[in-house]
Amino acid sequence: MRMYLDDDLDSNLLISLLRNLGHEVVSPRVVGTRGARDEDHLRYAADNDLVLMTANAGDFVQLNRKWTDDHIGHSGILIVYRENNPARDMSFQEIAQAVGAVEESRIPIASTCQNLNFWRRT
């Protein structure tokens, strides 16, 4: 899968785990979009045919609704829901495995939001 990380998931460890599983990962630090507005992150991902991955659920669910209403497409949004509880929050390893599960499922994700927590392998 080709993906772009939102600022909140832009971690060298996560990037390494995803790349080791064969994913192409674009970091906002590398492309100069660090600190950009959420809509600009989604626009960058859409313009470059990249699935956006974020832990900023509320804002990106709203953006997806707005883009859907405006008939604007994107490659998909993968959302990691966090509760700030280490016992329940997904580790970077679990996130990487969940991305693999989504990809293996071959479900269409373009112009949708997918909850990665549902794809956690136990």
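**Before starting**

This is a predicted model, in which local features need pLDDT of at least 70 and side-chain atom pairs count only at pLDDT 80 or more, while totals for chains, interfaces and linings use all residues. Residues are numbered from 1 along each chain as its sequence is written, and side-chain values use heavy atoms, with hydrogens and water left out.

**Stop 1: the largest nonpolar core**

Select M1, M3, L18, M53, L78, V99 and L116, which touch the most other members of the largest nonpolar core, a set of 21 residues. A nonpolar core here is a set of buried Ala, Val, Leu, Ile, Met, Phe, Trp, Tyr and Cys residues joined through side-chain atoms within 4.5 Å. Buried means under 20% relative accessible area, exposed means over 50%, and partly exposed lies in between (1.4 Å probe, protein chains only).

Next, colour β1 (2-5), α1 (12-20), β3 (51-54) and α5 (92-105), the elements that give two or more residues to this core. The largest share, five residues, comes from α5. Helices (H or I, at least four residues) and strands (E, at least two) are DSSP runs, numbered from the N terminus.

Centre the view on M53. Not counting residues up to four places away in sequence, M53 touches M3, Y4, L5, D6, L9, L14, L18, L78, I95, V99 and L116; contact means heavy atoms within 4.5 Å. Another core, of twelve residues, lies apart from the largest one, and its members include Y4, V26, L52 and A57.

**Stop 2: the helix pair α1 and α5**

Show α1 and α5 together. Their axes are 9 Å apart and the helices pack at an angle of about 35 degrees. Axes are lines fitted to C-alpha atoms, for helices over the stretch in contact, and angles run from 0 to 180 degrees between N-to-C directions. The crossing of α1 past α5 is right-handed; a crossing is right-handed if the near helix is turned clockwise from the far one by less than a right angle, and left-handed if anticlockwise. Display side chains at the contact: L13, L14, L17 and L18 of α1 meet F92, Q93, I95, A96 and V99 of α5.

Move on to L21, in the loop between α1 and β2 (24-26). With 47% relative accessibility, L21 counts as partly exposed. Leaving aside neighbours within four places in sequence, L21 is in contact with A96 and Q97. The C-alpha atoms of L21 and G100 are 7.7 Å apart, although 79 residues separate the two in sequence.

**Stop 3: helix α3 and its surroundings**

Which residues of α3 (residues 38-47) are buried? They include H41, L42 and A45. Look down the axis of α3: its buried residues fall within an arc of 95 degrees, so they line one face of the helix. The arc is that of the directions from the helix axis to the C-beta atoms. The elements covering these buried residues include β1, α2 (28-31), β3, α4 (57-69) and β4 (77-79).

α3 and α4 pack at an angle of about 60 degrees, with axes 10 Å apart. The two helices are therefore oblique to each other; angles under 35 degrees count as roughly parallel, over 145 as roughly antiparallel, 65 to 115 as roughly perpendicular and the rest as oblique. α3 passes α4 in a right-handed crossing. The contact involves D38, E39, H41, L42, R43 and A46 of α3, together with D59, F60, L63, K66 and W67 of α4.

**Stop 4**

Most residues other than glycine have a negative phi. D49 has a positive phi of about 55 degrees although it is not a glycine, and at 51% relative accessibility it counts as exposed.

Then select R106, in the loop between α5 and β5 (113-115). R106 is not a glycine either, yet has a positive phi of about 60 degrees. Its relative accessible area is 75%, and R106 is exposed.

**Stop 5**

T112 lies in the loop between α5 and β5 and is partly exposed, at 23% relative accessibility. Beyond residues up to four places away in sequence, T112 touches N64, H74, G76 and I77. The C-alpha atoms of T112 and G76 are separated by 5.1 Å, with the two residues 36 apart along the chain.

Finish at R82, in the loop between β4 and α5. R82 counts as partly exposed, at 35% relative accessibility. Not counting residues up to four places away in sequence, R82 touches D8, L9, A55, D89, F92 and I95.
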